[in-house]
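Please look over the two-chain model below before reading my comments. The points are numbered so that each can be checked against the coordinates.

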Amino acid sequence: MIRKFRFLALLALSALAGVAQADRLDDIRKAGVLRVAAFDSNPPFGFVDPKSKQIVGLDVDYARELASKLGVKLQLVPTNPANRIPLLSANKVDIVLANFTITEERAKQVNFSIPYFASGQQFIAKKGTLKSADQLGSLRIGVDKGTTNEIVLREKYPGATLVAYDDTPFAFTALRNGNVQAITQDGPKLIGLLANVPDKENYEIPPFSISDDLIGAGLPKDETRFTEYVNAFLRELEASGKAQKIYDAWFGPSTKTPLTRIFRIGDK
Amino acid sequence: MLDQLLAPKYVGWLIDGFYVTLAVSALASAAATVLGLLLCLARLAPTRWLAWPALAWLSLFRNTPLLVQLFFWYFGLAALMPQGLLEWLNTPHHWHLAFFGVRWPPFEYVAGFTGLTLFTAAFIAEEFRAGVRGVPPGQAVAARALGLRPWQVWRYVVIPQAFRIALPPLLGQYMNAVKNSSLTMAIGLAELSYASRQVETETFKTFQAFGIATLLYIGTVAVIELAGQWVQRRRPALGAVR
């Protein structure tokens, strides 16, 4: 019974794959419009600019570059995290550029481009105290209770003393008081926290991370040609320095959230 | 069935947490008993220079939540301390006394112990005061009439009886200390509740993690209860001086 069911499912899948054979890249060019799913409330990746009322952000800049490379108009479709895959599979958008972490589970349902951004687990410490990951094993480090950050840190650096707090602001207070020598969280979250600290010049986020969440563009499943096109486009963007420029616009030294760029397109 | 059990490593975490719970509540209870007795004596002192500060202490510590007090000792006080002192408190120290080494605990222990001690002392002081009130005033007067000095009246007549009257509620305060020690997880002290939460995070075995913690708490409180009954059975009559 189950085997029969499986066979039917396979049949259905291959039928779907057959439909997908029609080339999306040609469709986009023919329509003259690139439809991109982007976040509208996740700064600085994609959010509504209070002044212009338009969706802007790091992901949106990539979308704009891709549309201009294709020579078509850009149409942004606002999305939340849960809608990203349904929008793609229902053919409502051509590509998802919405801080989309590459996971095995998701890769079963969509194609991923090569990563163009990485948000890793990083640290805040008092300036000059934390230089490299090798030091972590001998430090007292504040973590948020119940996060994967705590688990990753304990696995990779069993020598570190972990002190778990209820949330990141508490952990930061402990760091300021000197109860811990560093605190850990995802890099973009830390930089957001640091942006609101009055004496932020005393702290720094050392430019290394101990784990990587790789962010890629989500494309329709089995659109190999379109996927390769996007990969080539991303590599080109890095080579021309435009990727760096986009990064600097949102995380550069002159922004409110300066975060050293550790990851470059093509690293992984 | 077997995969529903917690791996030995995680049981170990819970046991470690349990030791910390026992240590911090036992130490805090002992210190709070001494401090509570002194507070009670100050509160009952004839001079207002002692009675009023004691009253202020009692209302301050009895009328604010323990969690807020712990935050004060851990986060608040630390912010006021000079940098050097705090660094010293946070780094591990070893002293070698005649036969054994003494290890200075991390600041979480110090702050947790301090908060729990001062809070519990305020309650214990009031239990003692109730005990003193329970000794008929005629006894103190009679003792004075027999020629005992004021301190002897306290030492030999009032305090022994007051202690016996105050014993059941005192044990209740020790049980509270055990349960209240769970609040120190908020300041990062790795006691039993903290450990159970950590185990839950890593294993997703919610029922097992919190279930074992609950049993350990119940067990500890039950042991205090039994100890109290045993002591009372050995010294039955209320106020009877042997």
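1. Basis of the model. This is a predicted model, in which local features need pLDDT of at least 70, side-chain atom pairs count only at pLDDT 80 or more, and totals for chains, interfaces and linings use all residues. Residues are numbered from 1 along each chain as its sequence is written, while chains are lettered from A and ligands numbered from 1 in the order in which they are written.

2. Confidence. The model scores ipTM 0.73 and pTM 0.71. Where pLDDT is low, the predicted coordinates should not be read in detail.

3. Chain A overall. Chain A has ten helices and 14 strands, taken as DSSP runs numbered from the N terminus (helices H or I, at least four residues; strands E, at least two). Its C-alpha trace spans about 60 × 55 × 30 Å along the principal axes. Of the 268 residues of chain A, 39% count as buried, a residue being buried if 20 or more other C-beta atoms lie within 10 Å of its own, exposed if 12 or fewer, and partly exposed in between, with C-beta atoms placed from the backbone. Among the contacts in chain A with a separation of 6 or more, 68% join residues 24 or more positions apart.

4. Domains of chain A. The assignment, which is automatic or from a database, gives domain 1 (22-116 + 216-251) and domain 2 (120-212), and the centres of these domains of chain A, taken over C-alpha atoms, are separated by 31 Å.

5. Helix H3 of chain A. Residues 58-70 form this helix, whose 13 residues reach 19 Å from first to last C-alpha, close to the 18 Å expected at 1.5 Å a residue; the expected span is 1.5 Å times one less than the number of residues. The buried residues of H3(A) include A:Leu58, A:Tyr62 and A:Leu66, and the elements covering its buried residues include strand E1 (33-39), strand E5 (73-79) and helix H9 (224-239) of chain A. H3(A) is followed by A:Gly71, which has a positive phi, near 75°.

6. Helix H5 of chain B. The end C-alpha atoms of H5(B) are 39 Å apart, which agrees with the 39 Å that its 27 residues should span at 1.5 Å a residue. Because 21 of these 27 residues are buried, H5(B) is largely enclosed by the rest of the structure.

7. The contact between chains. Chain B gives 15 residues to the contact and chain A twelve residues. On the side of chain B that touches chain A, helix H3 (66-80), helix H4 (83-90), helix H5 (107-133) and helix H8 (192-203) of chain B each supply at least two residues, and the largest share, five residues, comes from H8(B).

Methods
Two residues are in contact if their C-beta atoms, placed from the backbone, lie within 7 Å.
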